[in-house]
Amino acid sequence: MSLASSLNTLCSISRSTNCCYSSFQAAKLISNLNSTHKTIATCAALKDRWSDPTSEYFKDRLVKKENVDRLIYKFRSGLFLRLSNVFFYGTACLGLYLAPDIILGTLEHTSFNFETFANVAGITISTLVIPTTSRIFTKRVVLKLYHNSSKDTYVAHVFTPFLLEKKIHFHSNDVVPSKKNLFFNLTTLRAKDYPMFYQPYRFVLPSDFNHLMGFDKF
């Protein structure tokens with residue numbers, strides 16, 4: 001009799017343990033569902049935060065496009081870029097100032113030694129190579145970009161050779177994205193055959209960059 005009661009007791013304990021384990025698994029599953037729901041809600045909030053009223057997320061809504069130029073991009077290192085170009089122009093002027101003395105001193109020697117080669121190379125690099133390379137990159141950097149959503153036009157601010165800002169007006173249909181380079185790409189797109197360089201993460205909204213590059217047309 002005692003053996004039968006003991007077996008019944010063990011069976012009831014086993015059933016209780018299984019019930020507790022099942023309850024624990026159910027609670028864990030509900031917790032995972034809640035966390036997943038929170039994650040989805042957070043992603044939706046971020047999507048609404050980073051979306052633009054002119055983007056595809058709001059295509060079913062009535063959007064009023066204003067005829068104003070809105071700042072959608074700004075290059076934050078414009079001052080550093082200008083100062084570096086001033087330094088490079090200064091080294092070029094110094095090289096041009098010292099070039100006659102170095103060239104005359106080189107012509108006085110009948111032999112062409114390493115010191116002569118180093119002087120000529122230094123003058124060439126400081127007066128031609130560095131300023132030219134700096135200008136090739138600087139002319140492509142877009143300092144500011146404004147977008148008129150009503151006319152779908154853009155106004156880009158870039159540097160002139162004298163480090164002054166000039167404006168380039170173009171339409172979205174004038175934009176031609178450049179081909180990706182495996183090594184180093186100095187051109188993001190071309191607008192009216194003018195090369196431009198952008199940093200995608202500097203745009204106010206990701207949808208602005210997508211619209212500029214024409215990714216929202218696919």
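Y73 stands opposite L145 in β2. The model is predicted: local features need pLDDT of at least 70, side-chain atom pairs count only at pLDDT 80 or more, and totals for chains, interfaces and linings use all residues. Residues are numbered from 1 along each chain as its sequence is written, and side-chain values use heavy atoms, with hydrogens and water left out. The chain holds 4 helices and 7 strands. Both are DSSP runs numbered from the N terminus: helices are H or I with at least four residues, strands are E with at least two. Of the 218 residues, 28% count as buried. Buried means under 20% relative accessible area, exposed over 50%, and partly exposed in between, with a 1.4 Å probe and protein chains only.

**Overall order**

- Along the sequence, the elements run α-β-α-α-β-β-β-β-β-β-α.
- T132 is part of helix α3, which covers residues 114-138.
- T132 counts as partly exposed, at 43% relative accessibility.
- F88 lies 44 residues from T132 along the chain, and their C-alpha atoms are 9.5 Å apart.

**The four-stranded sheet**

- Four strands form an open sheet in the order β1-β2-β3-β4, with antiparallel pairing. Two strands pair if DSSP finds at least two bridges between them.
- On average, neighbouring strands here are turned by 25 degrees against each other, direction ignored. Axes are lines fitted to C-alpha atoms, for helices over the stretch in contact, and angles run from 0 to 180 degrees between N-to-C directions.
- β1 pairs with β2 (residues 144-148) in the antiparallel sense, over 5 bridges.
- β3 and β4 are also antiparallel, and their pairing spans 7 bridges.
- H157 stands opposite K167 in β4.

**The three-stranded sheet**

- A further open sheet has 3 strands in the order β5-β6-β7, again with antiparallel pairing.
- Its edge strands are β5 (175-177) and β7, each pairing on one side only.
- Neighbouring strands of this sheet are turned by 30 degrees against each other on average, direction ignored.
- β6 and β7 pair in the antiparallel sense over 3 bridges.
- Y194 in β7 is the bridge partner of A191.

**Positive phi**

- Most residues other than glycine have a negative phi.
- D152 is not a glycine, yet its phi is positive, at about 55 degrees.
- D152 sits in the loop between β2 and β3 (153-159). Is D152 buried or exposed? D152 is buried, with a relative accessible area of 18%.
- D193 also has a positive phi without being a glycine, at about 65 degrees.
- D193 is in the loop between β6 (189-191) and β7 (194-196). D193 is exposed, with a relative accessible area of 69%.
- L163 takes a positive phi near 65 degrees in the hairpin of β3 and β4, which has 5 residues between the strands.
- G214 follows α4 and has a positive phi near 80 degrees.

- The largest nonpolar core has 25 residues. Such a core is a set of buried Ala, Val, Leu, Ile, Met, Phe, Trp, Tyr and Cys residues joined through side-chain atoms within 4.5 Å.
- Which residues have the most contacts inside this core? They are L145, F170, M196, Y198 and L212.
- At least two core residues come from each of β1, β3, β4, β6, β7 and α4.
- β3 supplies the largest share, 4 residues.
- In α4 (residues 206-213), the buried residues include S207, D208, F209, L212 and M213.

**Second largest pocket**

- The second largest pocket has a volume of about 240 Å³. A pocket is an open set of points on a 1 Å grid over the protein atoms alone, where a 1.4 Å probe fits, with protein on both sides within 12 Å along at least five of seven lines. Volume is the space filled by probe spheres set on the points, which are joined across faces, edges and corners.
- Of its 13 lining residues, K180, N185, T188, F209 and M213 are the closest to the centre. Lining residues have an atom within 4 Å of a point.
- The lining divides into 7 nonpolar, 5 polar and 1 charged residues. Ala, Val, Leu, Ile, Met, Phe, Trp, Tyr, Cys and Pro count as nonpolar, Asp, Glu, Lys and Arg as charged, and the others, Gly among them, as polar.
- F209 and M213 are among the residues closest to the pocket centre, and both are buried residues of α4.
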